[in-house]
Amino acid sequence: MEFFLHLLVNGLSLGFLYALSALGFVMIFKSSSVLNLAHGELLAIGAFLFLVLSAWAELPIILAFVLTLVGTFLLGFVVERFFLRPLIGENLIEVIMLTLGLGIMFKGLLLFIFGGDIHNYPSFLPPALSIDLGMVRVPSVYVATFIIGILFLIIFGLFFKHSSQGIYMRSVADNQPAALSLGVHVRRVFALSWAIAFIVAAISGIVLGIINGINVHELSAIGLKVFPVVILGGLDSIGGAILGGVIIGLLETFTGGYISTSLREVIPYIVLVFILMVRPYGLFGLVEIERV
Amino acid sequence: MRTLRFHPCGNFKESYRSELTIYETDFGRMWTLVGLFLIFAVVPFTAKSYALYVLNIIGIYSIAAVGLNLLIGYTGQISLGHGAFFGVGAYAAAILATRAGLPFIVTVPAAGLLTALVGIVFGLPSARLKHLYLLIATLAGQFIIEYVMVQWDSLTGGAEGIVLPAASLFGIDLGTDKKFFYVVFVSFVAMTWFAVNIVRTRYGRAFIAVRDNDLAAEGMGIPIFRYKLLAFAISSFYAGFAGALFAYYMMAITPEPFNLWLSIEYIAMIIIGGLGSIPGSVFGAVFIVLLNETLTHITDILMNLGTSVGAAITIAPLKEFVFGLAIVVFIIFEPKGLAEVWRIVRSSFRLWPFSY
């Protein structure tokens, strides 16, 4: 029983991590229907920027955090302007391949600067956040992850439903030419959505970094773990991303605990194939699959 | 004999037949003959062993890249699992050669056919999935195949891999680079010939129709699911064939090289070379292999420099950076790839003093 509880808590924590990393991915997909293969590297960029500001420049944590957000926001604009802007209106294949190239480029750059070692942040979260559940203790980081996840869910839910920018974003994702002809400023929408996605990725990257240490390889691998999560939840659903993350997290830890540790890494992808065959739009995704 | 055409001053085609010809002018035909002569009669006798090694790798990668281009460039089905299919071919050949003791001439095509079967299995999701969803499905396929290669110890030897018996064809031992060069390039020419011709037949036309508009293709009576599976099968056959050659050439295989990175390299090849162009895939393979080799050399030089200066410089990430940069630059500035660059260069020569 204790083992089961242990696995349950671990799975939930891991799941929330996945959910958090999937959020930025869903942001980009929801606002521009681009499948971002560079997502893991975006996580890493945010995490490393925060590392530089907090541990190397020794700024106060809050200031470092705010500067990271501002920095990644601007970086999002720059990346969009120079790499994605030229491809507005091009085939989706090319945009996806471009994100693939960008991801490899960023990864090389980060490895070049920071190397492949694991770095760590100075610890700064208040220990009072941690929760004692009798047999298992939930560390404060996980509680923070949980809070951030819920916050994101509420903020972005409201943003996409009620703010004009959010509605523009959805219209662009749905039908770019139609949005253009109705007077939506598609370029601005793109720029904004990439900038926001960079911020979301930075926050997720920082949380991941606090828990596992910051390592380029690991963070970019998590960028690929995002796929089972978002497909399960539905590619364009933020709530789905969170639920999908939790399910995949639980699945991984339980497979690792009860069946075999080597199967653990691959089980999300096996599930992914099944979901794709049975219900490609996921649990909460928009049902718009064409059957051909 | 008909008159040779060298410089048509415009497009004067009178029939679909002449529209479909591979060579627009007889220059192309002539240069192909010259190229074949150079490959088979000059290069093997003049090139050094290292150059032959690089050429062999280029030949093997080209075969697989041509296959991938048939799938992505012509049929429009994105696959991120080509590296794994290449690996399936390598393992199939290795297992057939060691367990069943079959000779080289049987194992290589058999590996291709087995990989084609695996390709069909992973192509099944394409019945319902398009674009992104298919890409994600093939990505999952990549991870699942990798997992099987590592974990199915009894068959694949796990992380230690398999050592292959020496390849021999018609009693000739293929142990040297030069002899293997002939095997690789004869297969390369045959496979490329097949690919160039298949895109001109009804099958190739159907592939292109599926790529351009699947609904319209269905409406015109093309059973698109069958053609998608056929494209997956052909593309995987190419990958498996190339993988089998690779396994024999390397003499021993482990699951290591057939990871996601290899799939990305293949995608990079056909993007840089040119989607929907058979010569483009070959250009791309040449570009990527040469880039790989150059970067390895630069890394070595810089490493030596680093140790002699006393500061250890790690340049390994340079490779990833340059790869990513190459993909990005080509997509932004020349989405049609090296094939288009080549066409522009050629036509500017042809139009030379009076270019417009």
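Q: What span should helix H5 (residues 140-162) of chain A have at 1.5 Å a residue?
A: Keep in mind that this is a predicted model. Helix H5 of chain A has 23 residues, and its end C-alpha atoms sit 33 Å apart.

Q: Which residues of H5(A) are buried?
A: To count as buried, a residue needs 20 or more other C-beta atoms within 10 Å of its own. In H5(A), the residues that get there are A:Tyr142, A:Thr145, A:Gly149, A:Phe152 and A:Phe156.

Q: How many helices and strands does chain A have?
A: Reading along the sequence, you get α-α-α-α-β-β-α-α-α-α-α-α-α-α. Tally that up and chain A comes to 12 helices and two strands.

Q: What is the radius of gyration of chain A?
A: For 292 residues the globule rule gives 19 Å, and chain A comes close to that, so it is as compact as a globular protein of that length. Along its principal axes, the C-alpha trace spans about 60 × 50 × 35 Å. As for the radius of gyration of chain A, it's 19 Å.

Q: And what is the radius of gyration of chain B?
A: Chain B is built with 15 helices and four strands. The globule rule gives 21 Å for its 356 residues, and chain B is close to that, so it is as compact as a globular protein of that length. Its radius of gyration is 21 Å.

Q: Among contacts in chain B between residues at least 6 apart in sequence, what percentage join residues at least 24 apart?
A: Some context on chain B: buried residues make up 44% of its 356 residues, and its C-alpha trace spans about 60 × 55 × 45 Å along the principal axes. For contacts between residues at least 6 apart, the share joining residues at least 24 apart is 75%.

Q: Which helix gives the most to the side of chain B that touches chain A?
A: The contact takes 37 residues from chain B and 36 residues from chain A. On the chain B side, helix H6 (131-151), helix H10 (214-219), helix H12 (260-273) and helix H14 (316-333) each supply at least two residues. With 12 residues, the one that gives the most is H6(B).

Q: How many nonpolar residues does the side of chain B that touches chain A have?
A: Sort that side by class and you find four polar and five charged residues. The nonpolar count is 28.

Q: Is B:Leu129 buried or exposed?
A: You'll find B:Leu129 in the loop between helix H5 (104-123) and H6 of chain B. Leaving aside neighbours within four places in sequence, its contacts are A:Leu276, A:Pro280, B:Leu134 and B:Ala137. Because B:Leu129 has 22 C-beta neighbours inside 10 Å, it counts as buried.

Q: Which element of chain B has the lowest mean pLDDT?
A: Chain B averages a pLDDT of 82, and 92% of the residues score at least 70. Helix H11 (residues 224-250) has the highest mean among the elements, at 89. Where pLDDT is low, the predicted coordinates should not be read in detail. The lowest mean, 70, belongs to strand E2 (residues 168-169) of chain B.

Key
Residues numbered from 1 in each chain as written. Chains lettered and ligands numbered in written order. Predicted model: local features only at pLDDT ≥ 70, side-chain atom pairs only at ≥ 80, totals over all residues. Contact = placed C-beta atoms within 7 Å. Nonpolar A, V, L, I, M, F, W, Y, C, P; charged D, E, K, R; others polar. Buried ≥ 20, exposed ≤ 12 C-beta atoms within 10 Å, placed from the backbone. pLDDT = per-residue confidence, 0-100. Expected span 1.5 Å × (residues − 1). Rg over C-alpha atoms; globule rule 2.2 N^0.38 Å.
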